[in-house]
Amino acid sequence: MNWRIRPLLLGEAEVPNVLDVFWSLSTDRGRSSVPILGFLLISPGGEPVVVDCGMRDPKRAVDVHRLGPHACSPEQSLHAQLALHGVKPADVKTLILTHLHYDHAGQCAQLPSARIVVQRTELMAAAAPMGPSALSIGGKSLFYDRADVAELVDPLWDRVDLIEGDVTLLPGLDCVLYADSHTPGHQCIYVQTASGTAAIVGDIARKVDLNIGQAIPPGIYYDLEKMRRALADIGRRAGVVLPTHDWDTMERGKIG
Ligand SMILES: [Zn+2]
């Protein structure tokens, strides 16, 4: 069962480089523009699946999460990015969310026919995040957007498919929970392709060489030991690792 993978460029964000590394050890004070990616997966039968759907509104990233400038051009809309591959939003019957941060779960309503697959613990954490209001970035909502959570628990609730732990969603498509890694209920999507197993890792890894190759965890994690084990497990299981916020993913992620 070999799936094809196509990265979707759903926006850009300016963020501190310190997010790439275990933050208390980093001396890098620079900032970089990073992509906000989703992924289109196409089954051998032609069925489209989307993993992560980008942000609701670039302005909210600044106003709500106190981050640097974010942008989403018309060409980077979910609709336009799917159209590049001949897919209409209503064609997508499955949307998988790696986690519920604002830049991954902001446009669920744009896919009107999709069941929305998310770990139950992630929705719980997003509804009542532990972020302190004094935190200079992320703030009290800690990168979860109340509007996204509200949408999932009310108007979209009938389409939300809460899963618990590791689940084979479709042949060749596995959701694996890495609890308390980047977020409390973050999952990784393992995809069987003609080039072997690819891992769509969300934000568990930000840079493959740094976080997987050198085993240096990225800057945001809930439990450092669980994060380290998650990175090692991903490195063992996947031939290709695809982080959300690395420009390299745009090319490496075109598989099949
Ligand atoms: Zn992210």
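Biologist: What should I keep in mind about the model and its numbering?

Modeller: This is a predicted model: local features need pLDDT of at least 70 and side-chain atom pairs count only at pLDDT 80 or more, while totals for chains, interfaces and linings use all residues. Residues are numbered from 1 along each chain as its sequence is written, and side-chain values use heavy atoms, with hydrogens and water left out.

Biologist: Where do the two histidines, His104 and His245, sit?

Modeller: Helices (H or I, at least four residues) and strands (E, at least two) are DSSP runs, numbered from the N terminus. His104 lies in the loop between β5 (94–96) and β6 (115–119), and His245 in the loop between β12 and α7 (249–252), so the pair ties together parts that are 141 residues apart in sequence.

Biologist: Are His104 and His245 buried or exposed?

Modeller: Buried means under 20% relative accessible area, exposed over 50%, partly exposed in between (1.4 Å probe, protein chains only). His104 is buried at 0% relative accessibility, and His245 is buried at 6%.

Biologist: Next, the sheet. What is the strand order in the open sheet of 5 strands?

Modeller: Strands of a sheet pair through backbone hydrogen bonds, either parallel or antiparallel. Two strands pair if DSSP finds at least two bridges between them. In this open sheet the order is β8-β9-β10-β11-β12, with mixed pairing. The edges are β8 (167–170) and β12 (240–242), each pairing on one side only. Between β9 (residues 173–179) and β10 (residues 185–193), which run antiparallel, there are 7 bridges; Leu177 has Gln187 in β10 as its bridge partner.

Biologist: And which residues touch the most other members of the largest nonpolar core?

Modeller: A nonpolar core is a set of buried Ala, Val, Leu, Ile, Met, Phe, Trp, Tyr and Cys residues joined through side-chain atoms within 4.5 Å. This one has 27 residues, and those touching the most other members include Leu82, Leu95, Leu100 and Leu152. The largest share, 3 residues, comes from α3. A second, separate core of 22 residues includes Ile96, Leu173, Cys175 and Ile255.

Biologist: Last one: which residues have a positive phi without being glycine?

Modeller: Most residues other than glycine have a negative phi. Asp52 has a positive phi of about 65 degrees, and Leu142 has one near 45 degrees. Asp52 lies in the loop between β3 (48–51) and α1 (58–63), and is buried with a relative accessible area of 1%. Leu142 sits in the loop between α3 and α4 and counts as buried at 13% relative accessibility.
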